[in-house]
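Hi everyone, thanks for coming. Let's take a look at today's structure together.

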Amino acid sequence: MTIVVGRRRTGKTSLLKKANENSVNVYFFVSKKAESLLCFEFMEEVRLKLQLPDYIEIRTFSGVFAYLMDISKTKPFTLIIDEFQEFYNINSSIYSEMQNIWDSKKQESKINLLICGSVFTLMNRIFQNAKEPLFGRAMHRINIEPFGVSTLKEIISDYEPDYMNEQLLAFYMMTGGVAQYVELLVNVNAFGIDSMLNEILTENSFFLGEGKNMLIGEFGKEYAMYFSILSLIASGKTSRIEIESILERHTGGHLER
């Protein structure tokens, strides 16, 4: 069992698919759907990728996982589970069920389990909190980081060999080396400072809502409270006493996060 973590848009999914494209693999994307519907989609993927003759209906993820662990005893393969933290919102008991299945079947199974997630707080909670069922189960952890400056220099020089230092600085500042942000600018050939700004600030730009969406993902159901705190800080209310007096509640835990 290997866990792969990193902020959104760094290319975790692309990396995992590319690394396993020449081997037998099954890919599950955990979207926000009912568990039974997810399992229907998962089993269709299993049937196609593992070339199973008959359709088998399984309505729970624990059932799907146990079935795959059994298959791997005679047919080794890689299982990729993407956005693994979303199970928290679908059925949080899945983690304890997986623990029981993993512990009881892993010695005989020949499965390479790759678990990927992009909500840092939840992935840490699932695998690094001693009270959680999957604590200590992963053998490896891979942290996917954004591209460094040297990689960005290679990318920009492929498209703009005579780039100026100011262009590289702007390219780094506006993308942070995040793979998808880099890709978006490359696709529209935006390497000048003005063209980068125009792409980022244009109406309906992908970039404009990105910060809000990432914070909602990290903060979960209480995101409105965190946004309220950020708004107060932005307006100059920077002491905890001030913030708590306006919001009329304790904010110590929120401020720490």
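**Cores, helices and cysteines**

Okay, let's start inside: the largest nonpolar core has 41 residues, and F28, F61, L79, I81 and F84 are those with the most contacts inside it. By nonpolar core I mean a set of buried Ala, Val, Leu, Ile, Met, Phe, Trp, Tyr and Cys residues joined through side-chain atoms within 4.5 Å. Buried is under 20% relative accessible area, exposed is over 50%, and partly exposed is in between, with a 1.4 Å probe and protein chains only. Helix α3, residues 61-71, gives this core its largest share, seven residues. Helices here are DSSP runs of H or I, at least four residues, numbered from the N terminus.

Before I go on, a word on the numbers: this is a predicted model, where local features need pLDDT of at least 70 and side-chain atom pairs count only at pLDDT 80 or more, while totals for chains, interfaces and linings use all residues. Residues are numbered from 1 along each chain as its sequence is written, and side-chain values use heavy atoms, with hydrogens and water left out.

So what does I81 touch? Leaving out residues up to four places away in sequence, I81 touches F28, V30, F61, F87, M98, L113, L114, I115 and C116. Contact just means heavy atoms within 4.5 Å. There's also a second, separate core of 17 residues, which includes L152, Y163, A190 and I200.

Now the helix pair. The axes of α2, residues 35-49, and α3 come within 9 Å and cross at roughly 20°. That makes α2 roughly parallel to α3, a label for angles under 35 degrees. The axes are lines fitted to C-alpha atoms over the stretch in contact, and angles run from 0 to 180 degrees between N-to-C directions. From α2, the contact uses E35, C39, F42, M43 and V46; from α3, F61, V64, Y67 and L68.

What about disulfides, meaning pairs of cysteine sulfur atoms within 2.5 Å? A search of the whole structure finds zero. For C39, the nearest cysteine sulfur is that of C116, 19 Å away, so that's too far for a bond. C39 counts as buried because its relative accessibility is 1%, and C116 is buried with a relative accessible area of 1%.

Last stop, T175, in helix α8, residues 165-175. Is T175 buried or exposed? T175 counts as buried, at 3% relative accessibility. The T175 side chain reaches the backbone oxygen of F171 at 2.7 Å. Not counting residues up to four places away in sequence, T175 touches L152, Y181, V182 and L185.

Terms used
Helix = DSSP H or I, 4+ residues; strand = E, 2+ residues; numbered from the N terminus. Polar contact = N/O pair within 3.5 Å; in protein donor to acceptor, adjacent residues only side chain to side chain. Disulfide = S-S within 2.5 Å. Parallel < 35°, antiparallel > 145°, perpendicular 65-115°, else oblique.
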